[in-house]
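Please keep the sequence and the structure in view while reading.

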Amino acid sequence: MDFTFFYTQEQLNGFLNSKFKSTVLCPKTDRIVETTTSHHENNHVSLSPKLENILEEIAITKELVDPLIERYIESVEDKSILQLLKYNNKTWSWREKSFLTRACALTLGAEFTMPLIKATAGIELMGMSFCLIDDIIDESSFYDLKQTTWAKYGYKEAICASQILISLAHKALIDACSEAKISGDYFEKVMQTFRAIQGDAYTSQFMDIESEKTSIFSEDSYFKMTSKFPGTFYKGAIQIACLLSSINDDRVTKLQEFGRLLAIANQIRDDLIEIIGDEQVIGKKIGADISQKKKRLPLIVFLRTRHDEYKEFLLSKAFKEIHAKEVLCKIQSNGVVDACIAHVNTFIDNAVEQLTALGKNKWTDLLENLAESVTDFR
């Protein structure tokens with residue numbers, strides 16, 4: 001799950017007019033520009049200074065991490081598999097997990113050396129594996145304005161590719177531990193964290209599948225699901241960075257909790273953007289989760305607060321695309337969006353509170369700015 005900094009054409013225009021178009025997301029934005037009729041060159045919307053600072057550090061992080069990701073992928077000898085992996089490698093990604101792990105390490109006074117860069121590459125490879133499986137389970141044929149990997153190459157092939165990516169992620173983490181020369185206890189903790197991320201990711205995926213079959217899926221269930229993934233993923237990425245830096249104190253716990261809360265808030269934002277965003281900008285179909293009967297927070301709040309008649313109807317075979325559009329319109333106009341934004345603000349307030357105990361420096365400021373960007377629904 002990437003951060004979605006922009007979800008309207010106006011917001012995107014500010015990015016397209018900035019220097020970051022060519023250094024952060026060039027391939028993706030080129031596809032967006034080709035499909036939009038907006039003349040962004042005549043629009044003088046600008047990025048906020050805080051977002052510019054974040055994007056500056058994201059660009060630096062990508063320059064360090066992306067070559068390692070590509071190197072691990074290029075190590076695959078089978079040309080057919082390699083072609084698939086290259087197609088799946090989203091080089092235009094924000095790499096927010098890479099930025100998060102780098103910022104957290106630097107917050108604690110560690111250096112973002114090669115062992116950490118390799119570990120971060122491993123974390124990104126793991127994320128790519130999860131995305132492959134997620135697209136298959138969701139039966140998503142298009143994402144970010146292009147065919148998903150399974151739709152282009154086949155779902156059996158994509159499943160195999162996802163396991164290869166996991167093996168590459170495992171190798172990257174072992175390489176990182178070896179180069180960092182950490183103790184056996186720390187190595188085992190890194191591997192335990194790796195396994196915990198995998199376990200919670202698929203547990204969360206299973207919960208999401210089960211949510212499609214029931215009309216009773218509470219907000220608490222949703223928060224438990226998102227705490228496992230992406231919550232454990234962000235939390236675990238931070239823990240791995242700290243273990244490789246031989247840092248293991250209360251500050252790590254604060255940063256881990258920051259990451260978990262940030263991940264949940266960003267998932268809610270992502271679910272909301274699929275309700276209120278511009279399809280050409282976000283690269284996803286608006287209301288797709290409703291059509292698939294997924295119990296994401298906007299739908300959960302909608303079913304809890306009003307329209308009980310939809311609870312059972314949503315599960316019936318009679319529920320068609322036209323009914324999903326009807327529900328989407330009601331969610332957009334009945335205060336559900338504001339209720340979900342309130343949840344985002346609460347999680348981000350709690351996340352930022354974790355940073356206060358760490359003191360003020362450049363990197364805590366950047367992490368706070370990153371968190372606050374999630375609350376931007378202008």
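## Packing of helix 14 and helix 17

How are helix 14 and helix 17 oriented to each other? In this predicted model, helix 14, which covers residues 297-305, packs with helix 17, which covers residues 336-356, at an angle of about 120 degrees, and their axes lie 9 Å apart. Angles of 65 to 115 degrees count as roughly perpendicular and those over 145 as roughly antiparallel, with the rest, apart from those under 35, taken as oblique; helix 14 and helix 17 are therefore oblique to each other.

The crossing of helix 14 and helix 17 is right-handed. On the side of helix 14 the contact is made by Leu297, Pro298, Val301 and Phe302, and on the side of helix 17 by Val336, Ala339, Cys340 and His343. By residue class, this contact of helix 14 with helix 17 divides into seven nonpolar residues, one polar residue and no charged ones.

Asp135 has its place in helix 6, which spans residues 114-138. Is Asp135 buried or exposed? Its relative accessibility is 12%, and because buried means under 20%, Asp135 counts as buried. When its neighbours within four places in sequence are left aside, Asp135 is in contact with Ser140, Thr148 and Trp150.

Asp289 is found in helix 13, which runs over residues 288-291. With a relative accessibility of 11%, Asp289 counts as buried. Which residues are in contact with Asp289, once its neighbours within four places in sequence are left aside? They are Asp271, Glu274, Lys294 and Arg296, and of these residue types Asp, Glu, Lys and Arg count as charged.

## Cysteines without a disulfide

The structure holds zero disulfides. Cys104 is accordingly in no disulfide, and the nearest cysteine sulfur to its own, that of Cys242, is 6.7 Å away.

Technical notes. Residues are numbered from 1 along each chain as its sequence is written. This is a predicted model: local features need pLDDT of at least 70, side-chain atom pairs count only at pLDDT 80 or more; totals for chains, interfaces and linings use all residues. Side-chain values use heavy atoms; hydrogens and water are left out. Axes are lines fitted to C-alpha atoms, for helices over the stretch in contact, and angles run from 0 to 180 degrees between N-to-C directions. Helices (H or I, at least four residues) and strands (E, at least two) are DSSP runs, numbered from the N terminus. A crossing is left-handed if the near helix is turned anticlockwise from the far one by less than a right angle, and right-handed if clockwise. Contact means heavy atoms within 4.5 Å. Buried means under 20% relative accessible area, exposed over 50%, partly exposed in between (1.4 Å probe, protein chains only). A disulfide is a pair of cysteine sulfur atoms within 2.5 Å.
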